[in-house]
Each structure stands twice: as structure tokens, then as C-alpha cells.
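Subject: Structure handover

Hello,

As promised, I am passing the structure on to you. Please have it open while you read, and my notes follow below it.

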Amino acid sequence: MQAEDDNDRAPGATTTTAATQTQQMSVPQYNQQQDVDECMAQCVTFLVHALLPEPTLHLEASANTNSTGESVRSERVHDDGSWIHRLLAGHQELSTDKLINGRRKDTEPPTTEQFVNLNLNIPREAADINDCIDAFFEPSVVPGSSDEQRPTSSQMMDVDVPEQQQKHVELVRHTRIKDAPPVLCIQLQRVQFDVTTMRSYKLNSHVRLRSQISLAPYMQFSHRHCETEDKEQWRRRRHQIKDRLTAIDRHLRVLETPVRAKSSGSDAMASMSVVSALERVQAFMSGVGSWSEMEAAKELLSDLGKPADTIVQEARQLSSDLGFMAQALGGASEKWRDERKALCAELDSIYDNVPIDESAYTLHAVFIHSGLSPEYGHYWVYVRDHDKAKNQTRWLCFNDSDVSVVDESAVFNDSPLPGQDTANPYYLVYVRTRDLDGTVNFGV
């Protein structure tokens, strides 16, 4: 299948609603170039229109009081819609906080939206699928909402307002899952738009997939009253590790920020890390101290008088101080890297040991796009096949008319496979783990 140019889609992290999909695909689009999201939307629409209407009708009971004061039980028939939407559609809750000087002052009533896809941005060059989900549910500042507010001139009688009395106002949006569907579809936003060239491009960053994920960290806070102690500890420890890794990465980025200085006799700027810069300056100052020990240098400094001797003493002290600072920063960097390695290993274990509950999902299908550009390329799909009778799981590769069994390393890998730098996961299908047997575990 050919991939299409996604110029008309914004690259931001958004969700595709069922209503939007139905509206987009209300007219069959045969023989047209489509990407995975559009293809899946059209498949959903065809299923909805091709299958017989089968709404789930259930009675919703409530107690009321009639005109005579008697308690009356009433029942209302509620329609859940088509079974395909019940299978694929979930609901998310969005709320907005108004912050003044970093403190929450007001919260708008939450709104609920239906979704059938989670469209996730890839936050960095080599990311975990959990990083992508985390980034989607991170609180975000509403664009254009940040504002520095000062009291009006009439209030302050045209007197300059002290900085501490100024108000920094911003709106922060929060997203939580209200209820998740049995089948969770995820699109990785590989199509981005370059505003400088005004062209779309494909993001070929590697994303490490996980056999299982949990939506527990992203559920409504009201759902957490029923958490078991083990699940709460799992969620809290995951959150603690992510926060600490963020802090460590911030420290390491600062240490790796290039220090620029003019090279001697040249207008070119030399770049090096702050530790390397400190070590170089320390060595230079140490050289000045050694030079001052030469007999000829002592005679020269003696003729120059006290200021020169003082400068040499300061150079020696500065050399010692810079050496201490370089050693301290170098030691801290090594310590942070070791801590980061240990935390990443612990986080890997957490990701691989997801508590099996209503929030746990198992990877069922992976759509791959191969190609440098979003305007062309080739798709194939890996599908998990589980034989309940033999209790065996295998992965099948559907590539046009070819179907083959592949090792799971083709799906789960820490880095791109050799020769496949532009073949990346593009669309993922996860199935609620507790629903596997009734949904997809049939075997072939």
C-alpha cells in the first residue's frame, strides 16, 4: 500500500474521534492513496454500514417520587451504538486549570470526548512506546494563554509596578482516560511539517515497542480508589523513576552544553563541554604557576613588583579551584550516568511486568511503513497469533500476498534492524489483556 502526503494534517498530538472518522469516510474512497489512519477509518465505516444494526439495549433503572409522594421505579432504554464502536471507541476527559503565578486559581468543568485513535508524537530520537504515551498525557499550556498581567495605570496611579506584583497567567490542559476501549488503536505521528521549507517529512526515529502496556497512570483520578496496594506501588514507583530520569537528563544536558571560546590567533569558535573547558583552563593556569618557578621568571616578576607576584599567586589558587570543580563535575556526571543506567533497568522491569487488570493491554498488530518520505513507501503488518489449544504464540508477517512466521525480535527490538532504518512502526493495535480470549485468541 502506498503512503500518502499528510500535508493537510497537523503534527500535534491529537485524538481522532469516531464522529470525525465517520464524517471523513461518509463517501467510499475507492482507488485512492491512503495512509494507515485513513485506511483504518474507512474499514470501520465499511463495517458499520455493511453489518446489520445491532445496538445494545439495556435498562437504566432509577428511583423517583410521583405526585402522591410514592416511590416509583422507572426504567429507561439506553442505546450504546454499534458494536464496532463499542469495540474501538473510548472516552477521554479534558480539564483546564487557570494558573496565576504558578498556583491553581480556577478549574473549568471537565469535558468528555470520544476517541478511536490515540495519535502520539515521538518525543525524542530513541523512545519507548511508554514515553510516547507519557508525552501525550503530560499537562500542556494552552497556546496563546500565557500572559503577563499588570495592574492598570488607574489602579496604580501610573506608578511603576514592582516585578513581584505582576501576575503570570496561563491555562494548563489536562487529559485523562475516562474509559478505555477493548481494542486500543495508536498512531505514531511520523508525518511532521517543516515550517521553513513548507513541506512534510517523515520522522524515522526508532520507537521500542512493548508486549504489554498499562493505561493505569492515565486513568481518571477517581478510578484510583479501587487500586490494590501492589498496583499503587507499581504506578508510584514508575512515576518516581520517570521524574528522577527527567532531572538527571536535565543535569547531563547542562554539562554537555558546548562552551564556546575563540581559539588563539583565530576568529573561529572552539566548542567543548564545560568539564573539558575547566580542565583546559586549569592546565593553563597550572602552567603559569610552573613558569613562575623558573629563575628567569622570578627575576622578571621581582622587577615588575608586587602586582605581578599577586597575579601569579591568584593563578595558582585558580588552578587549584578549577581542578577541584572539574573533578567534582566529572564525578557527578559519572555518578548520574550510573544512576541513570540502574533506573532505566528498573524501569524496563516495570514496563515488562504490567499488573494484569482492566488497564493492561497486549500488543496484537504492528503496521510498518518503509520509506524515507511520507509521499511514498510500502506497508506491511505483523500480527500476533495465539493458539489457545497449544498455548503457543507466534508472530505472522503479512506483506502483500506473502504471509510468513517471524521471530518476535522483528517486532520488539532496542534499535532498528540492519538495513531497515526507514522501516518503522506506524500504527499499533493493542487489545485489553483480559479480553484476548474473547476477542483475538482463536488460533489459525
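This is a predicted model: local features need pLDDT of at least 70, side-chain atom pairs count only at pLDDT 80 or more; totals for chains, interfaces and linings use all residues.

**The largest pocket**

Let me begin with the largest pocket, which holds about 1200 Å³ of space. Its lining is made up of 36 residues. If you want to centre your view on the pocket, go to Asp131, Asp134, Lys242, Thr246 and Tyr351, the lining residues that lie nearest its centre.

Which elements each supply at least two residues of that lining? They are strand 8 (126-128), helix 4 (129-137), strand 11 (167-179), strand 15 (206-208), helix 6 (229-256) and helix 9 (306-352). Helix 6 provides the largest share, with 10 residues.

**The enclosed spaces**

How many cavities of 30 Å³ or more does a search of the whole structure find? There are three. The largest cavity has about 170 Å³ of space, and 17 residues line it. Nearest the centre of this cavity are Ile368, Ala410, Asn413, Ala423 and Pro425.

Strand 19 (360-370), strand 20 (378-387) and strand 23 (423-432) each give at least two residues to the lining of the largest cavity. Of the contributors, strand 23 gives the most, with three residues.

**Salt bridges**

Searching the whole structure gives 17 salt bridges. I picked out a few for you to look at.

Arg337 and Glu256 pair through their side chains, with an N to O distance of 2.7 Å. This pair ties together distant parts of the chain, since Arg337 belongs to helix 9 and Glu256 to helix 6, 81 residues apart. Arg337 counts as partly exposed because its relative accessibility is 40%, and Glu256 is also partly exposed, at 45%.

Arg394 and Asp385 form another salt bridge, at 3.0 Å from N to O. Are these two partners buried or exposed? Arg394 has a relative accessibility of 33%, so it counts as partly exposed. Asp385 has 9%, so it counts as buried.

A further salt bridge joins Asp435 to Arg432, where the closest N and O atoms are 3.1 Å apart. Asp435 is partly exposed, with a relative accessible area of 24%, whereas Arg432 is buried at 10%.

**A buried polar contact**

Asp97 sits in strand 4 (residues 90-100). Its side chain makes a polar contact of 2.9 Å with the side chain of His174. Asp97 has a relative accessibility of 7%, and therefore counts as buried.

**On the surface**

There is a nonpolar patch on the surface, formed by Trp291, Met294, Leu300 and Leu304. Together these residues have about 400 Å² of accessible area. Met294 is in the loop between helix 7 (274-291) and helix 8 (295-304), and at 45% relative accessibility it is partly exposed.

Val254 is part of helix 6, and its relative accessibility of 54% means that it counts as exposed. The C-alpha atom of Val254 is separated by 9.1 Å from that of Ser273, a residue 19 positions away along the chain.

**Two backbone angles to look at**

Which residues have a positive phi although they are not glycines? Met198 is one of them, with a phi of about 60°. Met198 lies in the loop between strand 13 (191-194) and strand 14 (199-202), and it counts as exposed because its relative accessibility is 54%.

Asn391 also has a positive phi without being a glycine, at about 55°. Asn391 is in the loop between strand 20 and strand 21 (392-399). With 60% relative accessibility, Asn391 counts as exposed.

Enjoy looking around, and do write back with any questions.

Best wishes

Conventions. Residues are numbered from 1 along each chain as its sequence is written. Side-chain values use heavy atoms; hydrogens and water are left out. Patches are made of residues with over 30% relative accessible area and no salt bridge: like charges are joined within 9 Å, nonpolar side chains (Val, Leu, Ile, Met, Phe, Trp, Tyr) within 5 Å. Accessible areas come from the Shrake-Rupley method with a 1.4 Å probe; for residues, only the protein chains shown count as cover. A salt bridge is a side-chain nitrogen of Lys or Arg within 4 Å of a carboxyl oxygen of Asp or Glu. Helices (H or I, at least four residues) and strands (E, at least two) are DSSP runs, numbered from the N terminus. Buried means under 20% relative accessible area, exposed over 50%, partly exposed in between (1.4 Å probe, protein chains only). A polar contact is a pair of N or O atoms within 3.5 Å; within protein, one must be able to donate a hydrogen and the other to accept it, and residues adjacent in sequence count only if both atoms are side-chain atoms. On a 1 Å grid over the protein atoms alone, a cavity is a set of points where a 1.4 Å probe fits but cannot get out, and a pocket is an open set with protein on both sides within 12 Å along at least five of seven lines; lining residues have an atom within 4 Å of a point. Grid points are joined across faces, edges and corners, and a volume is the space filled by probe spheres set on the points.
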